[in-house]
Every structure is written in structure tokens, then in C-alpha cells.
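This report is written for a reader who meets the structure for the first time.

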Amino acid sequence: MVVPWVALGEALSPEAGEASSVVGSLILECTSTKQSLLINSQCVCAGKGRLCTSKSCLWSARVSCTAGTGACVGTLHSTTPSIPEPGLSISFLAKMSPSPAARSHPSCPMTTSSLPVGVFVWDVENEGDEALDVSIMFSMRNGLGGEDDAPGGLWNEPFCLERDGETVQGLLLHHPTPPNPYTMAVAARLTADTMVTHLTAFDPDSAGQQVWQDLLQDGQLDSLAGQSLPSQKGVGIAGAVCVMGKLPPRGQRRLEFSLAWDMPRIMFGAKGQVYYRRYTRFFGPDGDAAPTLSHYALCRYADWEERISAWQSPVLDDRSLPAWYKSALFNELYFLADGGTVWLEVPEDCLREEPVESMCQLRPLLREYGRFGYLEGQEYRMYNTYDVHFYASFALIMLWPKLELSLQYDMGEGPFCASSALLAPHAPEPLWSLTLSLPPKHNVDPAYWFPSGITHTVLCPTPSLPIPCPAAPACVSAPPALATLREDLAQQRYLMSGIIAPVKRRNVVPHDVGDPDDEPWLRVNAYVVHDTADWKDLNLKFVLQVYRDYYLTGDHCFLRDMWPVCLAVMESEMKFDKDQDGLIENGGYADQTYDGWVTTGPSAYCGGLWLAAVAVMVKMAALCGAQEVQDKFSSILSRGQEAYERLLWNGRYYNYDCSSQPQSHSIMSDQCAGQWFLRASGLGEGDSEVFPTPHVVRALQTIFEFNVQGFAGGAMGAVNGMQPHGVPDRSSVQSDEVWVGVVYGLAATMIQEGLTWEGFRTAEGCYRTVWERLGLAFQTPEAYCQQQVFRSLAYMRPLSIWAMQLALQQQQQQQQHKKAPGPIAKQDTGLSTRPKLGPKEAVANPSPECAS
């Protein structure tokens with residue numbers, strides 16, 4: 001008996017990154033009834049005349065994504081032996097290349113965390129007394145069915161690769177359309193008990209009769225040799241691979257597929273520069289790696305699964321942690337794969353021997369780890385948006401610390417080419433006019449961002465293209481000078497204020513490293529809502545992240561490299577302390593990450609970040625032996641602390657700001673962000689206390705009482721702003737929103753201060769709302785309101801849930817230290833990242849190559 005089943009797939013865009021998830025693109029179909037269904041990106045079955053979905057008792061579905069930069073595990077299994085045939089049970093498992101699991105085991109090569117490949121495993125069990133032949137077919141369209149396919153010229157061909165005693169067969173789907181041609185491979189593992197066949201080409205827009213008739217005849221495909229004809233203009237082309245396995249009575253069989261997509265070279269929207277993806281270091285840049293990727297994945301996925309399990313087990317096996325937290329912790333990592341992620345190689349000939357005199361680690365780090373970028377959100381398309389990365393960065397520093405350090409260098413570095421060819425300078429004149437038609441946000445009035453309408457005109461100089469680099473086409477890395485000291489005098493009109501100002505000013509951390517539709521890294525600051533050179537939080541967040549990253553990695557070379565940059569940005573920040581009381585003032589508009597919420601004068605959020613950054617400067621100055629700088633910032637800190645407490649503390653919490661507006665007394669859920677980073681960096685208590693601990697704890701308790709418990713019955717997390725009389729602050733469209741990433745950071749702060757139950761209760765509201773009530777799994781929005789209005793699906797900031805994990809680990813270490821004052825033997829769980837040397841010891845004993 002032949003029981004043919006088919007897995008249909010539509011490829012995700014390779015531009016989404018090397019490790020996009022493909023689990024949601026599968027349909028399981030029983031060919032005996034020719035019925036299929038796809039619900040909520042889950043595999044479902046329709047067989048023997050009865051509809052079986054994940055919502056019924058007959059099938060159960062479980063999807064747990066440990067994506068990171070590419071580990072996604074999803075399972076679907078039958079709970080009844082009556083589907084699809086009496087006595088036949090099928091279970092499905094999809095895997096991607098591993099992420100932190102690979103990094104936590106030195107024996108695992110670095111190839112595995114950047115691969116554009118997924119594996120689909122079908123375990124079939126025959127519980128009956130009759131032998132069965134079971135066929136599963138995987139069909140795939142060549143391309144995405146959009147305008148990139150329309151010109152035609154797409155073609156397919158079979159391949160067979162035998163290596164190390166293992167054979168993989170399948171189809172290559174060539175998509176040569178410029179500017180980013182790619183090849184997909186649908187492949188299967190050939191064993192002694194299986195047969196692999198293929199259908200080279202068919203029309204994916206037809207009813208599929210050609211495919212079904214071929215498959216139903218004998219459970220195999222015709223397997224014609226040779227290439228298909230190129231597709232005609234406007235006509236689609238697809239292919240299919242089938243695996244047949246023999247199942248003896250009471251026997252079982254594993255049938256394995258892989259899907260790889262090889263797009264080695266990419267160009268961003270301006271088409272001015274060619275880049276190579278990270279995996280090309282291991283599999284080559286020529287576009288012929290799809291067969292090798294398929295073979296590599298099919299032969300190693302079992303090891304990946306073991307490593308993923310070893311990485312996750314310490315959390316999953318911890319009964320003190322609630323199930324929702326375990327789900328959120330690992331599943332929110334989806335964004336590091338699905339957030340438009342790029343991981344780019346930095347060619348050797350694009351690195352000077354000494355890029356910057358003080359940057360001892362820049363060249364080796366970029367050579368070894370490349371350049372990493374991910375979008376603020378799938379709707380807010382800017383790479384490495386820094387005010388938001390401040391929250392999301394906990395996932396990177398805890399799981400991929402070298403990628404976090406690489407990103408930090410990018411925020412302080414500019415482009416350099418081996419031929420010394422830089423971007424042509426922008427001429428200040430003439431101005432040109434560009435009308436921008438901005439897409440509406442989800443469920444949000446366009447006036448949210450642009451009160452005067454959705455169409456605006458931007459004035460800026462005629463853009464110049466980069467001078468070509470004849471020496472190397474992918475010159476993306478080392479700088480001629482610190483980016484914070486550079487400026488881009490191109491003039492552009494900022495949409496909220498209408499002012500015309502430079503794109504990038506000197507001594508200011510950029511808001512982002514660019515737009516994928518332009519030339520990211522070569523042209524920064526794609527954000528045009530506000531002039532971020534006047535923002536109060538970007539420079540401070542850079543300083544705080546530098547020290548936190550140093551503290552968690554123990555990388556003293558990194559600290560020495562970043563110390564001059566920190567000095568520059570803090571000197572620039574001092575101009576915002578207009579009355580010289582040691583505390584900066586906000587400018588009377590939305591001049592920080594809450595870019596729709598006006599802040600005036602000294603404020604809880606920016607003032608707290610400022611004091612935390614000043615405290616960090618004191619610490620770094622001591623570590624770097626800069627006594628004069630240490631004394632200077634110590635004096636600022638002392639004066640600033642007094643002003644902060646005097647102007648903002650009201651006995652229960654820190655006021656939102658010092659304006660005369662009613663919202664000045666609002667309870668801001670994010671008011672303790674500075675303390676959050678201090679505690680994450682081993683500071684903020686004892687001798688390094690900045691904010692009085694009783695005040696911090698009281699403020700957090702007030703936030704929990706009003707912003708959490710007093711909002712939506714305590715079931716939706718913490719609202720950004722709450723009036724002291726128990727009504728949400730509706731002075732802006734952001735003050736009465738819940739920001740998921742902010743809530744996870746708030747929960748981490750509560751855990752740090754001993755309010756662990758309150759922290760979990762606060763964070764749980766966000767998880768229940770997003771994943772259960774709104775049904776937005778794997779597309780967590782930036783914000784939602786009490787009335788189930790949400791904004792910006794698939795957003796960077798919720799990665800801050802890893803700050804909760806760091807807080808829990810540090811809490812556990814403190815408890816162990818109290819029980820055993822002596823040295824503690826640390827178990828390697830793949831989650832702990834505390835340095836073996838303390839910060840002071842690390843800098844006091846620099847390696848020879850980093851010695852000043």
C-alpha cells in the first residue's frame with residue numbers, strides 16, 4: 001500500500017537574513033483526499049474525510065523557536081493512530097541551524113550559527129499488521145511569486161552529492177534575477193531503506209494535476225534528468241522532491257528533507273556596494289553552495305538538536321520558573337533571525353593594519369566576527385536603532401557577545417576602503433525636494449507621528465554615490481576616524497519640527513546605521529522624525545552599554561578602545577546641563593526614545609540615565625587610570641544626585657519631569673532605567689550606589705501598584721505613564737501604551753531589587769496579552785493599548801527579556817556568595833557570561849597587544 005503525503009512550501013525571502021524561519025510555510029496534505037489547510041502557521045492535516053487541525057483533540061501542535069541567528073524547532077505530532085491511515089502515525093520536526101547552543105560548546109564550529117538552511121524530519125510509525133510504502137513530497141516554488149519572478153529566466157535542475165559515505169539528492173532552484181541572485185535547494189537524505197525522486201519543473205499556479213497524477217501512480221516522481229527550460233516571462237516554475245520509505249508491520253522510518261537558500265552576495269537598495277554574507281567564509285562566495293549546505297545540514301542536524309537541548313535544559317528543567325517565562329525567553333529570540341538580519345563578512349583587504357591608533361581590537365574582531373545588523377522592526381526599517389538596542393542588547397551580549405562588541409564598534413566607527421575611497425562629500429547646495437508617502441501603522445491613526453498629514457517633503461542635498469573601490473567590492477569595515485567625531489553636513493528637514501539640520505553632527509552617537517533601501521553603514525541616521533543630535537539619551541546609552549558589555553565579557557581591550565569615544569560623547573552631552581547643577585535638562589519636545597512623549601527640564605528617565613552614565617564614567621576613569629577625569633565626573637555626580645532627588649523625588653516615585661504640565665507628576669514605568677543598567681553592570685549598590693536604594697524600591701512598588709495592578713486589572717503589563725490618581729497618562733499617544741520591551745526591562749529591575757514576584761507578575765501580563773489574547777506569536781509588537789490596539793509588529797525591543805535572565809543569574813550568584821564566601825565554581829550552562837577576571841583585575845593586567 002502507498003500512502004502519499006506531501007509537504008508544500010513557499011520560500012521566505014532570502015533577504016530576510018541567513019537564518020529565516022521556514023516552519024510557518026508548510027502545509028501537510030493527504031493526497032488520498034486532496035485536502036489541505038494552513039492555520040496560524042501550523043501544520044494541519046485533512047485526511048480520510050475528517051478535518052484534523054491543531055485545535056482538535058486529534059492533533060496537537062507545539063512550536064518552540066530558539067531562533068537567535070538561526071535555531072528554530074517546531075514539532076507536530078498525531079495523538080491518534082487513525083490519521084492518515086489506520087495504524088499509521090506521523091510526527092514532524094523542523095530544525096534550523098543552532099544558535100546559542102553552538103556557541104556554548106567550544107567543539108561546535110562557528111559555521112553553524114549563520115547557515116541559510118532548515119531541516120524537516122518526518123518520523124513515520126506503522127502500528128498495523130500490513131506493510132506500507134509511505135511517500136512524502138516537498139514541493140517548492142522557484143521565487144516568491146512576485147515581481148522578481150516576473151521577468152522569467154528561472155530554472156531548476158536535479159543534483160546528487162555523495163560525501164563521507166552520506167548521499168543527498170534533490171533539486172536546485174536557480175533564481176538569477178539581479179541584483180541579488182540566489183539558488184534554493186530542496187533535498188532529501190538517501191538511505192538504504194528510502195528512495196528519493198524528483199519532478200524538475202511544473203506550473204505552481206495550476207491545479208497541480210501533473211504532480212498529483214505522477215505521485216499517485218506509484219508514490220514516486222518521474223525523475224527526468226537534465227535542467228528544466230528557463231521560465232517564460234510572467235510564468236511561474238516550481239519543483240518537487242519525494243522520499244519513499246518502506247514500513248514493515250510494527251516498523252518505523254525517518255524521512256528527512258532540507259531547504260537551503262544560497263544568496264552569497266547582496267546589495268542594499270542604493271545598489272552601490274556589494275557585500276558577502278557570513279556563511280560564505282565557510283561555504284564559498286560563488287553561489288554554488290546549496291548542495292553542500294543541504295548535505296551539511298542533513299548530516300549534522302541531530303548534533304544541533306542535542307546542543308540546543310543542552311543549552312535550553314538549565315532553564316526548561318528549572319521548576320521554579322513559570323512555563324510562560326520559558327516560552328518567552330527562548331521564543332522572543334525569533335527576532336534575531338526574522339528582523340531583517342544581516343551578518344556580513346569583512347574582507348581582509350578592506351582592513352588597514354592600524355585603522356585607529358587606539359583601537360587595538362577593532363581589526364581582529366571585525367576580521368573574525370564580521371558585521372552584524374538587525375532592523376528596529378519589520379515596519380521601522382533602520383538597522384541597529386541604538387536607543388532601542390539599549391533594551392534588546394541583553395540578548396546579544398548574553399548569547400553572542402562578540403557580535404554585540406562588533407555592533408558597538410559600528411556605532412563608533414565609519415566606513416573605510418582599502419583604496420582609501422570614501423563616500424563623496426555631500427555638497428551643502430543645491431537642495432532637492434523629495435515627497436515621502438509614509439505607510440500607515442497598524443491600527444494607528446497617521447497623525448500619530450505626523451499631525452499635519454502623512455505626506456511630507458524632505459529637503460536635502462543631491463545625494464552622491466560612493467566612489468567605487470577597485471581593490472575590493474565589499475569594503476565595509478574599518479574606519480579612518482571615529483564616527484562620533486565625524487559629521488555629515490547634508491541638510492534634511494525633520495518631520496516633527498520642520499527644522500532643517502545636518503544628518504549627522506560631531507560627537508553624537510548615531511540613531512541608527514542606515515536604511516536597507518539605501519546604503520547602511522555608509523550613510524547613517526535614516527530616522528527623520530526628529531533631529532537626534534539633540535536627543536538626550538543616545539550618548540548616555542552608549543556609555544552604559546560599553547561598561548555593561550565590558551563587565552559581562554571582561555574584555556579590557558574593548559574598554560580601552562571605547563574609552564576615548566565615551567569621553568567624547570559625554571563632553572558633548574554636558575551642554576544639556578544648562579544651569580550647571582550636575583543634571584541635564586530635556587528640551588521641551590520628545591527628545592529621547594519616547595519620541596512622541598514631550599519631556600521638559602530635568603526628567604526621571606533621561607536624568608536617571610545621565611547619572612548612571614556619569615557614575616560609569618567615574619568607574620571607567622578609575623580603571624583606565626585617568627584621575628583628573630575621575631575627579632571631574634565624581635564632582636558632577638555628587639551635584640547631580642542632589643539635584644535629581646531634590647527636583648524629582650516626591651516621596652513615592654520620581655516625577656516624570658519638571659514642567660508645569662499635568663503630566664509632570666505622571667508615574668513613568670521606565671523611570672529606573674539608569675538603575676537597571678547599573679545593577680546589570682555590578683554597580684548601583686553599596687559604595688557605588690547612585691540612587692538611594694529605599695527610593696528605588698519604593699518607586700518600583702509604586703509602579704507595580706499603579707502602572708501594573710491599576711491598569712487593565714493587572715493583566716496587561718505596565719502602562720508607560722499613569723497619573724497619581726489612577727488614570728493612565730493620555731498626554732501623548734505613547735504615554736498610555738504598554739511597550740513590551742520596556743516591561744521586560746522593568747521586570748528585570750524589580751528582580752534586581754528583590755521584588756521577584758512583582759517582576760514576574762509584571763512581565764507575565766505582556767506575554768499573556770501578546771501570545772495568547774492578541775495572537776501575535778513570533779511578531780511581538782512594540783506597543784499595545786488597553787483596547788487591543790497595537791503598533792509595529794515584529795519589533796526589536798522585546799529581546800530585553802534576556803535582562804530578566806541576567807538578573808536571575810546574578811541573584812543566584814549573590815545567594816551562593818552569601819552561603820559560601822569563598823570562590824564559587826561556575827557551571828557552564830551556556831547562559832552565564834560573568835568574566836573569569838573581575839573588571840578591575842582585567843584592566844590591571846592587559847594583554848601585551850593591548851598595552852598602552
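Ala794 is found in the loop between strand S32 (790-791) and helix H18 (801-819); helices (H or I, at least four residues) and strands (E, at least two) are DSSP runs, numbered from the N terminus. The phi of Ala794 is near 55°, a positive value in a residue other than glycine. Ala794 is buried, with a relative accessible area of 2%, where buried means under 20% relative accessible area, exposed over 50% and partly exposed in between (1.4 Å probe, protein chains only).

The model is predicted: local features need pLDDT of at least 70, side-chain atom pairs count only at pLDDT 80 or more, and totals for chains, interfaces and linings use all residues. Residues are numbered from 1 along each chain as its sequence is written, and side-chain values use heavy atoms, with hydrogens and water left out.

Gln580 also has a positive phi, about 60°, although it is not a glycine. Its place is in the loop between H11 and strand S26 (586-589), and at 56% relative accessibility Gln580 counts as exposed. Another backbone feature is the cis peptide bond from Pro178 to Pro179, with omega near 10°. Pro179 is placed in the loop between strand S13 (166-175) and strand S14 (182-190).

Arg277 occupies the loop between strand S19 (275-276) and helix H3 (280-283) and is buried, with a relative accessible area of 2%. A polar atom of the Arg277 side chain lies 2.9 Å from the backbone oxygen of Met263.

The expected span of a helix is 1.5 Å times one less than its number of residues.

| Helix | Residues | Length | End-to-end C-alpha distance | Expected span |
|---|---|---|---|---|
| H8 | 386-399 | 14 residues | 19 Å | 20 Å |

In H8, 14 of its 14 residues are buried. In H10, 15 of the 16 residues are buried, so this helix is largely enclosed by the rest of the structure.

Residues of H8 including Tyr386, Phe390 and Ile397 meet residues of H10, among them Leu538, Phe542 and Leu552.

H10 is followed by Gly554, whose phi is positive, near 70°. Asp555 then caps the N-terminal end of H11, with a side-chain oxygen 3.2 Å from the backbone nitrogen of Cys557. Within H11, a kink of about 35° lies at Met562, shortly before the proline Pro564, and 14 of the 18 residues of H11 are buried.

Over the whole protein chain there are 19 helices and 32 strands. Of its 852 residues, 60% count as buried. Among contacts (heavy atoms within 4.5 Å) between residues at least 6 apart in sequence, 71% join residues at least 24 apart.

Notes: A polar contact is a pair of N or O atoms within 3.5 Å; within protein, one must be able to donate a hydrogen and the other to accept it, and residues adjacent in sequence count only if both atoms are side-chain atoms. The bend at a residue is the angle between axes fitted to the seven residues ending there and the seven starting there.
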